[in-house]
Number of protein chains: 2
Amino acid sequence: MDGTERSRFARKAIRVAEAQRLLLARVRPLAAETVPLAASYGRRLAADVAADRPVPHFARSGMDGYAVRHEDAAAASPQQPAALRVVGDVPAGRVWPHPLAPGTAVRIMTGAAVPEGATAVVMLEQTEELERGARVLIKQPPAAGQHIAPVGDEIAAGQRLIASGARIGPGQAALLATFGCAAVCVYSRPRVGIFATGSELLPVEAELAPGRIRNSNGPMLAAQVERAGGVPVWLGILPDDAAEAQARIAAALAHTDLVVTTGGVSVGDYDAMASLFRQGLAQGRAGRGAGLLGGQPQEGSGIGMGSMLSEPADKSDAEPLCATLFNKLALRPGSPTSAAIAGRKLIVGLSGNPGACFVGFELLVRPLLLRMQGAAEPLPRTFRAALTDDFVKGSPHDRYLRAKLELDDGIVRVRPLGFAKSGMMVSIQDADALAVIPAGSRGAAQGELVEVIPLAYGEP
Amino acid sequence: MDGTERSRFARKAIRVAEAQRLLLARVRPLAAETVPLAASYGRRLAADVAADRPVPHFARSGMDGYAVRHEDAAAASPQQPAALRVVGDVPAGRVWPHPLAPGTAVRIMTGAAVPEGATAVVMLEQTEELERGARVLIKQPPAAGQHIAPVGDEIAAGQRLIASGARIGPGQAALLATFGCAAVCVYSRPRVGIFATGSELLPVEAELAPGRIRNSNGPMLAAQVERAGGVPVWLGILPDDAAEAQARIAAALAHTDLVVTTGGVSVGDYDAMASLFRQGLAQGRAGRGAGLLGGQPQEGSGIGMGSMLSEPADKSDAEPLCATLFNKLALRPGSPTSAAIAGRKLIVGLSGNPGACFVGFELLVRPLLLRMQGAAEPLPRTFRAALTDDFVKGSPHDRYLRAKLELDDGIVRVRPLGFAKSGMMVSIQDADALAVIPAGSRGAAQGELVEVIPLAYGEP
């Protein structure tokens with residue numbers, strides 16, 4: 001290596017948790033917007049939902065049967081049933097206009113409002129009609145309050161029902177409907193610009209050529225963005241020319257909430273992104289494009305990150321409008337994963353290796369998208385599961401293995417996937433978790449409990 | 001009860017597995033359509049995807065470094081490094097046009113095609129440049145094949161990669177892109193008509209009135225349909241009038257793949273759906289609307305279901321165009337859950353109770369939507385987990401409790417939710433599983449292993 005090359009390796013690695021903290025500190029929930037309830041599935045609420053009245057808001061019959069005054073049948077038995085005069089009929093949705101007089105009953109359906117004065121409902125199956133429904137026989141003494149849900153039985157007025165930031169699924173939709181939220185206030189979906197880098201890359205629709213491969217990380221990241229609730233904006237393959245790449249990224253930041261790149265962050269000769277994350281946007285190797293962003297001066301160096309700028313900007317140039325947050329992580333795979341801040345927006349540079357790109361997105365980008373959508377806890381809740389197999393490969397850094405959960409017989413196991421070279425990309429489709437093998441020389445043994453990060457299921 | 005009423009209760013209950021079998025036997029995957037890869041997230045493939053060539057399709061460098069003939073540095077050591085002449089430079093995407101001559105090396109980047117004749121790649125970090133890159137020192141003998149992925153190392157030509165019916169997520173998108181599938185053949189999304197019944201129901205946007213509640217099951221079902229990959233088509237609140245209700249259902253069947261109703265399947269006086277499921281469409285209580293469907297005669301009674309038609313159609317009328325598949329299930333909650341077949345389409349009548357409606361959808365409707373989208377296994381794979389609490393309420397029928405999974409310390413537990421009256425609807429949002437308490441008088445004890453049905457996560 002010569003001196004220039006050596007500087008490529010002079011990166012300070014930070015841990016994943018620190019990288020998450022640095023990134024999350026830079027994002028806030030996006031603006032709220034109002035959408036029809038019918039179009040709100042999967043969106044995240046921008047306000048708490050509380051009960052503006054009790055549920056039920058009237059004493060409600062829990063059965064099809066007869067509303068009675070329970071004391072009128074207190075002495076009833078199969079041998080000596082109580083005979084009550086049926087004075088009317090309350091389908092669900094109707095309200096019986098009179099108080100229930102002693103000795104009378106009202107036929108009532110499930111969900112209907114119990115008449116004033118009635119203290120019990122007797123199931124249809126436990127009654128017998130007389131005189132074509134003009135009278136009814138009650139054969140057992142009903143308990144006071146039987147089959148009547150009093151006002152507020154299910155939900156008290158004022159009760160908080162859904163927290164802001166919650167994702168709208170079936171249960172949330174039912175509550176929103178119950179409380180009349182035909183229009184729902186939700187956070188905007190983050191628009192995520194996606195670039196791939198690498199002169200070997202071809203568009204998906206292209207014929208293969210010698211030495212070339214199709215861009216697969218771009219579509220993979222787009223799917224990960226969708227799964228996390230964002231809107232993927234595919235922006236194409238970046239050229240090797242650092243200045244041109246940076247100009248395109250700067251342009252993209254103007255119409256997206258976040259830019260994610262894949263590839264070019266390593267130590268190779270053509271790793272344009274590495275140059276950006278080492279030197280800052282508008283301070284790239286070619287020296288062109290200063291002031292591209294036109295935004296306010298970045299505030300990155302004000303939070304103790306200066307030490308990560310391994311090559312501080314030349315003070316004779318304009319202030320860099322982009323500052324490195326980190327350009328090395330203490331993890332495998334994906335150690336050159338990088339991030340920078342430009343104006344108020346983040347650029348996350350993921351590895352070009354498909355497995356590392358996948359893992360890097362889930363660890364670093366998904367939490368940002370959740371925070372932008374108001375999620376109270378953007379980081380997944382981890383847990384411990386037993387390894388299905390020995391994982392013998394130790395590492396000086398924590399290793400994040402794509403893995404599959406196996407649940408049965410009261411046990412949760414985690415099976416590492418695709419850590420063999422063969423089938424690395426094929427196994428991404430099966431990963432529903434990451435298993436964390438801590439740094440150390442020995443790996444982990446079958447049956448050992450390891451930390452598990454559940455991946456982006458539908459409803460976190 | 002009088003005789004007419006008694007007949008409402010004369011239903012034969014079938015078990016959930018039998019109901020699922022009956023329903024699934026009636027549906028086939030829908031037509032396939034082609035969508036752009038970028039619009040395919042969450043869709044299900046209508047054909048297997050296999051590798052049309054190996055990956056990599058050229059011998060690929062796994063590192064940034066130098067491609068060498070390993071025997072040229074077989075005697076290298078830090079003290080006596082091998083000096084090789086650097087004859088060129090292969091960025092990723094380029095192909096070195098000449099065979100590598102003895103004593104020479106080519107600078108090569110990760111992902112680039114290894115030159116013909118090269119047998120190892122030496123990492124940049126383990127080399128030293130001389131004469132401004134004209135020569136390179138190798139300090140350790142490289143192993144043959146080191147850092148070179150041979151053709152087919154990751155995927156063999158012809159290997160099956162994704163099965164038809166699989167849901168397209170990040171891993172599938174990466175594979176589709178790798179093999180050039182810019183347009184993806186997927187099954188159509190099933191259109192699910194949704195009706196609610198009950199004269200107590202108000203539209204979500206309406207002001208509450210005495211005795212009335214807003215329709216919450218409709219929006220809940222719409223979200224469940226979306227979660228299962230279908231397209232919800234909200235069709236409104238059905239009137240109590242059986243003939244009118246049936247006419248609207250018949251009209252809906254013409255432009256949907258499946259109709260789901262909620263409410264009206266119980267034994268109440270106004271349970272229009274119960275009448276339909278007892279008597280068949282066009283044979284409703286009012287006697288109107290015969291021949292509404294205009295389709296081919298149904299084949300429902302040809303599969304041994306005759307015994308479930310508790311009131312056989314009057315032979316003096318037209319043949320019923322809808323036949324009951326079942327109108328009672330041996331489960332709680334939701335025993336009056338019903339289904340009928342009309343032409344080649346199904347009508348599933350779910351309970352109006354929110355919890356029972358939710359459970360009924362997941363048990364019966366979701367599998368139909370998955371089958372329509374080509375899923376190989378439309379029923380969820382169940383497993384066993386330890387109950388967090390005693391569940392003391394025995395039942396003569398299997399009980400399907402909404403529940404939440406708790407994973408930690410290598411153990412999977414399942415916590416029943418909302419089986420108390422209070423908070424029944426509120427707890428639906430937390431349910432990520434159903435716990436099955438088998439029929440019997442004793443319930444189940446804390447720590448006991450019970451069957452768990454995982455609910456519709458994002459990527460089944």
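Which residues of helix 2 (residues 16-24) of chain A are buried? View 1 answers this, after a word on the model.

This is a predicted model, in which local features need pLDDT of at least 70 and side-chain atom pairs count only at pLDDT 80 or more, while totals for chains, interfaces and linings use all residues. Residues are numbered from 1 along each chain as its sequence is written, chains are lettered from A in the order in which they are written, and side-chain values use heavy atoms, leaving out hydrogens and water.

**View 1. Helix 2 of chain A and its cover.** The buried residues here are V16(A), A19(A), Q20(A), L22(A), L23(A) and L24(A); buried means under 20% relative accessible area with a 1.4 Å probe, protein chains only. Helices are DSSP runs of H or I with at least four residues, and strands are E runs of at least two. Among the elements that cover these residues are strand 18 (322-326), strand 21 (345-350), helix 7 (354-372) and strand 23 (398-408) of chain A.

**View 2. A charge over a ring in each of chains A and B.** The charged end of R167(A) lies over the ring of Y41(A), 5.5 Å from its centre. In chain B, R167(B) sits over Y41(B), with 5.5 Å to the ring centre. The criterion is NZ of Lys or CZ of Arg within 6 Å of the ring centre and within 35 degrees of the ring normal.

**View 3. Strand 5 of chain B between two partners.** Strand 5 (residues 82-90) runs antiparallel to strand 9 (residues 135-138), joined by 4 bridges, and A82(B) stands opposite I138(B). With strand 6 (residues 104-108), strand 5 runs parallel through 5 bridges; here R85(B) faces T104(B). Pairing takes at least two DSSP bridges.

Conventions:
Buried < 20%, exposed > 50% of the residue type's maximum accessible area, 1.4 Å probe, protein only. Contact = heavy atoms within 4.5 Å.
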